[in-house]
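Where do oppositely charged side chains pair up in this fold? Follow the salt bridges through the model below.

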Amino acid sequence: QQAIDQREFKTWYKEWVEAKFPENATTIVDLTMWDTWVLEPGPGPVVVDVVTTALQDAEALAVAYLELNGTNSPLQFTDYESYYADQKVAFINKLSQSNGVTSTLLETVDNDLRMTTDTNPMAKTEWYRLGIKVGYGEVFEPTHKWLGEQGRSAYCDPLFKSLVEHGHCDVAREWFTEYESFYNSYVVGQVKRALEPCNNEENLGFEGGDKTSPENESEEEMSSNAFCMDVWSFCFTLFQLSACLPYSWKMSFLQ
């Protein structure tokens, strides 16, 4: 076996389409716009519309809660039970964008949708951030527990930042001290940077070339972190692209 260039791949693709879809082969090949995608400079010829009715529905539910302001529940609130992760995040972000969110409103939402006990990591992180912002006391201990159950920067860093931004430096320092040995060096560095605004109150000893800070991370550690992020991005992109293919095409690729 040996590597092939894009011309050989184009020839193989055309032959494969003709063999798999003989009745529509010409149409499929033309719609592929191979030369436009591969050879011409600039953005691709197709602009992907990432706005879906599912996300719009999630934001509409948030607006309904905001309009009721905790006095009642929207008629369609049970729809939330079928939301996927991005819908849940869109719902929470829409609430967060409003200046009218109160603890009373969050309590109503929580009673309806059981947000604080949601098991989805993306949704719970955004909900905890919103709760910290508003001062909804029910999220603080679950946030404390969540920060000790996992050590992913995408979840830990935003939560520590929220604690600092909304006046909870003492809590943030206490929790970080508790979990520092559990986190890897990259996350430790990120959290320390998030806690820097608290240093006006007390010197936490972050100066002086901490070996675990991002600036002093070894090339091997930085390379490993970058590789993991690249692999994740590549897999996520493949997942998104697969959603655009007709089911019959997907099954043909698997055969």
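A residue counts as buried when its relative accessible area is under 20%, as exposed when that area is over 50%, and as partly exposed in between. With those cut-offs in hand, turn to the charged pairs. The model is predicted. Side chains of opposite charge can pair when their charged atoms come close. Here the count comes to 9 salt bridges. Three of them follow.

Start with Asp-5 and Arg-7. Their closest N and O atoms lie 3.1 Å apart, forming a salt bridge. Asp-5 has a relative accessible area of 31%, so this residue is partly exposed. Arg-7 reaches 59% and is exposed.

Move on to helix 10, which spans residues 169-179. Asp-170 and Arg-173 form a salt bridge there, with an N to O distance of 2.5 Å. The two are 3 residues apart in the helix, so about one helical turn separates them. Their surroundings differ in accessibility class. Asp-170 is exposed, at 51%. Arg-173 is buried, at 11%.

The next pair is Lys-192 with Glu-180. Their side chains meet in a salt bridge at 3.6 Å, N to O. Lys-192 sits in helix 11 (residues 185-195), while Glu-180 belongs to the loop between helix 10 and helix 11; the pair therefore ties together parts 12 residues apart in sequence. Is Lys-192 buried or exposed? Its relative accessibility is 11%, so Lys-192 is buried. Glu-180, at 31%, is partly exposed.

Terms used: Residues numbered from 1 in each chain as written. Predicted model: local features only at pLDDT ≥ 70, side-chain atom pairs only at ≥ 80, totals over all residues. Heavy atoms only, no water. Salt bridge = Lys/Arg side-chain N within 4 Å of Asp/Glu carboxyl O. Buried < 20%, exposed > 50% of the residue type's maximum accessible area, 1.4 Å probe, protein only. Helix = DSSP H or I, 4+ residues; strand = E, 2+ residues; numbered from the N terminus.
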